Amino acid sequence: MKFKDLCQCYYNLENTQKKLEMVDILAETLAKADEKEIGKISLLTLGKLYPDFVGIELMLAEKMAIKSLALATGKSEKAVQSSLEKIGDLGKTAHNLLENKTQSTLLAFTGQQEIEQYDVLEIWKILDNIAKITGEGSTDKKIRILSGLLSKVTSLEARYISRLIAGNLRTGVAAQLLLEALSKAKTGDRENKEFLERAYNRCSDIEFVSTILYEEGLEVVKQIEVKLFSPIKVMLAQRVSSSEELLERFNGSCSLEYKYDGLRVQIHKKNKDVRLFSRSTENITNQFPDVIQFINDSASKDEFIIEGEIVAFDHEKETILPFQNVSQRKRKHDIDQKISEIPVRVYLFDVLYSDLKSRLDSAYLERRETLKEIIKESNDIRFSHQILAENSDEIDEFFHQAIKDSCEGIMGKSIGEDSVYQAGARGWNWVKYKAGYDAQLSDSFDLVIMGAEYGKGKRAGKYGAFLLGCYDKIEGVYQTFTKIGTGFTDEDLEFFFKELKPLVRDKPKEYQSDIESSIWFDPKIVIEVTGDEITRSRLHSCSRGFMESNLEGLALRFPRFTGRIVDDKAPEQATTNDEIRTIYLKQ
Ligand code: AMP
């Protein structure tokens, strides 16, 4: 497929708001792809060169992109910079600048265009080459290749190449929509998305799933199982707000575990090769060499996938330390120093693969038994503290003990026959019951920063208030839930200003908002927020359409930032409108 045809499809996608229409537009183009290119096309459509867990990203600094554009267009860097500031989007800037250039070139050479017709795979290879250049002089080399490419493509192609190097195509296509379009393109029926999603949740690898679909068909996709070193999308929990409700959810008996306040980790091991993946499937192996050592020391088998929580641990006092400590271990430099400053312990709670078999479909208690055959406990590795409970007094007692032992609360887990591991789902097989903050509402929300207003007075020159939203999984959109300005330290505001500035853009079309924000951002940063109460609101769009009055949505009153940036959750893993509605109905 020619890259320009794919870009035309992206452009058409940008210009429609309706989800079904987007699926049709994308499916029509995907239907023309062959089995050798569909994998890369799928990745590019999500703005990526590789699945997240591979850890190779294109993401060039804005300065490099500006230099490349200046070289490709013959404009000064200053001119490109000011054009970018005016337009606020690298893609549109490239499109405009190159459009002008093409026209003037055409005029000068009477139709002699120097445009090359690139194939999708050729473009992928050039970008991959850029991503992999390292070492001395790498910046110059990257700029040279990129500017060379930009000067040979059409302005529309330049729009999307520029967005690829900024890490976001801005077409509004996320994985769910792509899976639906692939299903329609290859099987003629969007409903078969269910099988593609099942496979994708097992391996987080869109290239692999789409290639199997095109090469071998739907029946083979249905058989895709978990594979080592390809992270499984994690299972998440619904929430409850009392021990009675917890018990009711499980018909009177369940398993309880401590809910540790740390970093979720999925551990894949084959012989000495051990890799760690975060909740959002990123490869975090290099940040925890100590954990790799613990696993190698404690493993009784050579090959498995297990899950647990990494917490910061004070071995002298035998206590778990607050989340803020372990979050400092998520760094790429000075790792050795941090290992001795912040020792960690791993609490394991699940097994997903062992003895060459997927364990996802085994019942929970069976999985826990298997886990014990795989790992020997040590000072550094423990199994999550667990009991079986049959009445709410036992639950309350366990909950209070968990809080005393520095945990966030407890997890209730189904012990029924169908207590399988639901990859990628937030089902009712697991529920979380968390400790209340000192606010009226007993739970917190992980919300996406959608927009901001500039601050005044002490906050001048930074963002002073933020528009936050939840995720609507069915529609694939973000809905506004609250505006927040409380709970931020000066350092927080500095940090957010620096992180959010490169994400500024026009209002994304996947944002459902009646509120006009001064500044909009790409959905990327998720923060934890608590508040006093959820109220009905005509201003906010969260859950609108589900309330008795179609005009009303839900809003969080008196929101406060808890100080926690949830950087291991992708925006699509933020609190959903459904969850918020459930909490509202229980208030
Ligand atoms: P939340 O982040 O509030 O949605 O809660 C779910 C998270 O709790 C999981 O992603 C894990 O990181 C964490 N967690 C802590 N302890 C456990 C446990 N015993 N079982 C499952 N998840 C746990």
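The shell around the ligand divides into five nonpolar residues, no polar ones and 10 charged ones, where Ala, Val, Leu, Ile, Met, Phe, Trp, Tyr, Cys and Pro count as nonpolar, Asp, Glu, Lys and Arg as charged, and the others, Gly among them, as polar. The model is predicted, so that local features need pLDDT of at least 70 and side-chain atom pairs count only at pLDDT 80 or more, while totals for chains, interfaces and linings use all residues. Residues are numbered from 1 along each chain as its sequence is written, and side-chain values use heavy atoms, with hydrogens and water left out.

In total, 15 residues surround the ligand, each having a heavy atom within 4 Å of it. The closest are Glu257, Arg264, Arg279, Glu309 and Lys432. Several polar contacts can be described here (a polar contact is a pair of N or O atoms within 3.5 Å; within protein, one must be able to donate a hydrogen and the other to accept it, and residues adjacent in sequence count only if both atoms are side-chain atoms). An N or O atom in the side chain of lysine 432 is 2.5 Å from an oxygen atom of the ligand, and a polar side-chain atom of lysine 259 lies 3.1 Å from a ligand oxygen atom. Tyrosine 260 takes part through its backbone, with an N or O atom 3.0 Å from a nitrogen atom of the ligand. On its own, the ligand has 500 Å² of accessible area, of which the protein covers 96% (Shrake-Rupley method, 1.4 Å probe; for residues, only the protein chains shown count as cover).

Which elements give two or more residues to the shell around the ligand? They are β2 (254-259), β11 (409-413) and β12 (426-434), with helices (H or I, at least four residues) and strands (E, at least two) taken as DSSP runs numbered from the N terminus. Strand β12 supplies the largest share, four residues.

Threonine 73, in helix α4 (residues 62-73), is buried at 13% relative accessible area (buried means under 20%, exposed over 50%, partly exposed in between; 1.4 Å probe, protein chains only). A polar atom of the threonine 73 side chain lies 2.7 Å from the backbone oxygen of leucine 69. Glutamate 99 belongs to helix α6 (residues 90-109) and is partly exposed, at 35%. Its C-alpha atom is 7.9 Å from that of threonine 154, 55 residues apart along the chain. Tryptophan 520, in strand β18 (residues 519-521), is buried at 6% relative accessibility.
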